[in-house]
Amino acid sequence: MAELQVTERTVDPANSNGRFTISTLISTEDSGRTHYGQTDTVAYDSAQASHLTHNTTFYMRTFGYNTIDVVPTYENYANTRISGEAKKTRPTLSDLHSFLKEGSHLHPPVYEPHRSHSFSEGGTEEEASEGAAKTQGEPVRFGWVKGVMIRCMLNIWGVILYLRLPWITAQAGIALTWVIILLSVTVTTVTGLSISAISTNGKVKSGGTYFLISRSLGPELGGSIGLIFAFANAVAVAMHTVGFAETVRDLMQEHNSSMVDPTNDIRIIGVITVTVLLGISLAGMEWEAKAQVLFFLVIMVSFVNYIVGTIIPATEEKQAKGFFGYRADIFAQNFVPNWRGSDGSFFGLFSIFFPSATGILAGANISGDLKDPAVAIPKGTLMAIFWTTVSYLVISATIGACVIRDASGNVNDTIITGSVGCEGLACGYGWNFTECSQSHSCHYGLINFYQSMSMVSGFMPLITAGIFGATLSSALACLVSAPKVFQCLCKDQLYPVIGFFGKGYGKNNEPIRGYMLTYIIAVGFILIAELNAIAPIISNFFLCSYALINFSCFHASITNSPGWRPSFRYYSKWAALFGAIVSVVIMFLLTWWAALIAIGIVVFLLGYVLYKKPGVNWGSSVQAGSYNMALNYSVGLNKVDDHIKNYRPQCLVLTGPPNFRPALVDFVGTFTKNLSLMICGNVLIGPGKQKMSEFHLASRDHVKWLTKRKIKAFYTDVLAEDLRTGVQILMQASGLGRMKPNVLVIGFKKNWQAAHPQTVEEYIGILHDAFDFKYGVCMMRMKEGLNISRLMQAHINPVFDPAEDSQKNSEQPAVIGTMDPDALVAEQQASTIFQMAQGKKTIDIYWLFDDGGLTLLIPYLLGRKKRWGKCKIRVFVGGQINRMDEERKAIISLLGKFRLGFHEIHILPDINQKPRPEHVKRFDDLIAPFRLNDGFKDEVVVNEMRHGCPWKISDEEVTKNKAKSLRQVRMNEILLDYSRDAALIFITLPIGRKGRCPSSLYMAWLETLSQDLRPPVILARGNQENVLTFYCQ
C-alpha cells in the first residue's frame, strides 16, 4: 500500500478539552524520534481532535502506520452530521476481517440535523459563553440558570404562595405546615432526582417529559402521558390566565370600575392576556426567556418587600388587622394547628398546597432549547426545588411569627393592657378582638384574610405585582411547554391526524401550529370562566407524569439493562418507586374521581398504542424487562422436568423464506398461537458465505413479514453446504432450554419424480434424522402445492421445489433468494385456507397406528381456534369386521378418557382388502423408473449395481414391502371414499425403515397415500412417546 501524506501539526501536550484532560504519553527522550519507521513526526492539536477525520488523513494512520482501522471518535457513535463535511464511518467487520469493498465505509448513514458546528459533546458548545456572538441562523440555546432553574421556580411559585400559604399556616400551624411543605417537596425532589437520572442517560432532545418517559418506558406509556400532559399544559395556560384576570378584576372593583360584568370582565382580560403571551412566545424563545427573567425579578422584589415589611414596626391600621411584628408568643400560638371549616384537616390542606409544589418539569419540557440538557436539567431542577422550598418555609415561619389568627380590623378596638374580659394574645398588645374571635366573625387575621402577605409587606402594590408575575410566568411557561411536548409527540406519529401540528419553523424549529392549537384550547377554557371542575383533573395529569417518571427510573434500574448508565448518580431506585406510589396516592387524596378519570384516559390511550403497535424502537426499559422475564422464566423451566400434561407441540417449520410457503406457516401458526413455540427455519445453501450481510437484512424482513401476517413465530436461518446438513444444525441448535422444538414440520416434495434423485435422498434423510433426534414429524401436502415463489419471481431452493432443469440444479445448487426488502414486507399477503372460516365441515383423523397421540393432539388444538371451531372432528381407526363393536367401544373409551371431545368414531373394517387393479398398476408405474430390475440377485451384487444410486429399488425390496405398498394404495381409496369433502385430513405417517427402504419407494408410498385429494393432507407421526394422558398427576 502506498504511504499516505500526513499533515504536520504542532504538539500541545498540556491541552485540555471539555470535561476531560488530554495528555500525551511520550517520554522526552523518545519525542524526537520517528515511530514505526515513519520519516515524519505525526502530531496533532488535541483541541482540534474532534475534526481530524474530516480535515486530515491522520485517521488513516492509526498510531503512526497505515491501516483502515480507526481510532475511537465521537462521530462513530453519533446520529448527527456536521453540515458541509463528508462522513467517514467506522469500517465494517467484513472490511477488516474478510474483504474490503471499494467505498464500503464511505457511505454515510441517515442523520438527524445537527444543531452545532461541533460534534464533540465536551467541545466548543459547552465552552462558549452565553454572550458570544452567534453565527447566522444558529438556534438560541439556554444554560441551566435561565433555561431551567428560573423557569422551574417561576412555574412552582404561584398564587397559592401569596394567597393561600398564610391561611394554611394559620390552619395547620407552623409545624404541620412545614410537614405539608416537606412532604410535598419530598415527592417533587424524588421526581427531580428521577428526571436527573433519566435525562443524563443519553442525549436528550426536544420533547421534554414526553421524550423522557417514552424513551425510557416505551411508546405505549410515553405516548399516552405525552398527549394528556400537553393538553394539561394547554388548559393550565387558561387556569393561570384566569387567576391573573380575577386579580385585575378585583382591583377594578376596589376602584368601582368595570367593563361589562364580573364574569365577562374575566373573559375579556383573559383573552387579551393570553393573546399577548402568545405574541411573546411567537417572537421566539429568546424573547420568552427575557420575559421570564423580568417576571422573576418582579417576584424577587415582592419577596424582599415582604421581608422588609415584617421588620418595619406595625402601624395602628396593621395592628388592627392582626400584625404586631415578630413576637415569640405569636410564634408559639401559631406553631400548633387550629382547624376550622370544611377544609380544616391535614390532607385537606395538603391537597390545596400540593399544586404549588408542582412545576418542576418546566425546564425539562424545553429540553430541545437547552445547551446541554444532561447538565442543565438535573442542576436547574434541583436548585429550583431547593430555593422554592426555602422560600415556602421562610414565608410560613415569618408570617406565623408576626400575625395572629383573628383580628377585627377595627382601629377602635384598642384597650388598656391588662383589662378584664379580654381573651387572646392581642390583649397583651392593647387590642381586644374577643367578640369576633369567639363568634368566628373576624374579617382579618391570618386565618381569615387571604391578603395577609400584602398587608404585612412594606408596599402592597409590589405584592400585587408579584401575584401578576407568578400567574403570568406560569401561564407563559405552560404556553411554551405544551407545543414543545406536542410537537415531539406529533413527529413520532403514534396517533393519527395530529401529525399536522408537528411541523417546525425557523432556526429554533418552533411549533407555530402547536402554539395556535394551544392558544385555541386556552381561549376556549378562558371563555368558560369556571375552571373549578377541570383544575383537579389537570393536577392529576401532572401527578400521572410524576408517577411515570419515577416509575421509569425505577424500572430502568431494576431491569439491570447495560444501557442504563446515567451520569447522575444521586438517585435511588427504591426512592423512585416510593415517589411513584406516593404520587398515585396523592392523586386520590386530591380528588378521587379526577384520579379515576386521569387513569382511565391513560389506560385508553395505552390500549390504542398497544393495538396499533407503532414501528418504533427506542430501547426502552420495558424491552429490557421483557428480556429479563423471558430469561428468568426460561432458566426456571430447566428446574422442572417435563410432564405429559404440559406437553406442547413445539414446531420447527422448514419454510425456507416464510413468504414462499404461507400455507405451511399459517397451518402451524394457527395451532401454536399463544400456546407453544414455532420456529421458521431456512437453510441457506451454496455460495452464501460472501453475502452474509444480505442474509441478515433478509432475516429482519422475514420477521417483519411474519409480524404483518400476525404469526407469533421466530425465524432463524443457517448456512450449510446442503439442505440435510442445515436441517440437522437447526434440529440440534434451535430453541432455548426447555423451549426447544419437538416436532419437525415439512412440506411434501410434490415434484420428487422430476427432481434429481439425490435431492429426494436428502429429503428422506431429513425425516430419518428427525426420528433419530426424537422429533415428531408433520408433512403437509396441498393439491395446488405449497411453494408460491414462482408467483413472486424470486429464487427458490431446488431441494424443496426445483426448477425445470434438474441437472443444472444438481450440479450447482442455488442460494435461497429473497425479494427486495421493502417489497417483501409491503407485498400483498397471499391468502390461504387456514386464514378462512371453515364453517360446518369436517376434520378427519385417520389414527392408524399409535404414535403417542400426536396425530390426535394437533387437530384437537386446531379445533379450539375460532376459524375451525364449527368443524366436526371424525376419528377413523382400523379394525376387523367381526370385532367392530368391541373395537369401537374400546376406542370410544380411550378417547373419552383423553377428554378430547371428538364427535364421531368410525372403524374401518375394509382397510386390509385388496385395492383395485388399476390403482395397483398406477403404483407399479410410479416406481418403475426407480427399479433396478436385478432379477432377485444376491445382496452383494445388488449393492454393486446400486453403487452411486442408493435410491434404486431392488426386486427383493419390492416383494418384501408389497403388503405395505398395497396398504397405501388401499388407504388412498378409503380417503377418497370417506374424506373427499373434508376441510382437513390427518393421517398417521408411515415409516420406512432406515437402510431397508429406498427413498424412491418411500416417496412412492407418500405420493400414493395422499394423491388426488382436494383437502390439505397432514401426514403426522409422533416420536412414539405419550403426548396425551388421562391421569391427573
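The points below describe the salt bridges, grouped by the pairs involved.

The model is predicted: local features need pLDDT of at least 70 and side-chain atom pairs count only at pLDDT 80 or more, whereas totals for chains, interfaces and linings use all residues. Residues are numbered from 1 along each chain as its sequence is written, and side-chain values use heavy atoms, with hydrogens and water left out.

**Count**
- The structure holds 17 salt bridges, each being a side-chain nitrogen of Lys or Arg within 4 Å of a carboxyl oxygen of Asp or Glu.

**Arg738 and Asp642**
- Arg738 and Asp642 form a salt bridge whose closest N and O atoms are 3.6 Å apart.
- Because Arg738 lies in the loop between helix H25 (723–733) and strand E8 (743–747), and Asp642 in the loop between helix H22 (621–637) and strand E5 (651–654), the pair ties together parts 96 residues apart in sequence; helices (H or I, at least four residues) and strands (E, at least two) are DSSP runs, numbered from the N terminus.
- Arg738 is partly exposed at 28% relative accessible area, while Asp642 is exposed at 63%; buried means under 20%, exposed over 50% and partly exposed in between (1.4 Å probe, protein chains only).

**Asp1012 and Arg922**
- A salt bridge of 3.0 Å, N to O, joins the side chains of Asp1012 and Arg922.
- Asp1012 lies in the loop between helix H35 (999–1010) and strand E14 (1017–1021) and Arg922 in helix H31 (residues 917–927), so the pair links parts that are 90 residues apart in sequence.
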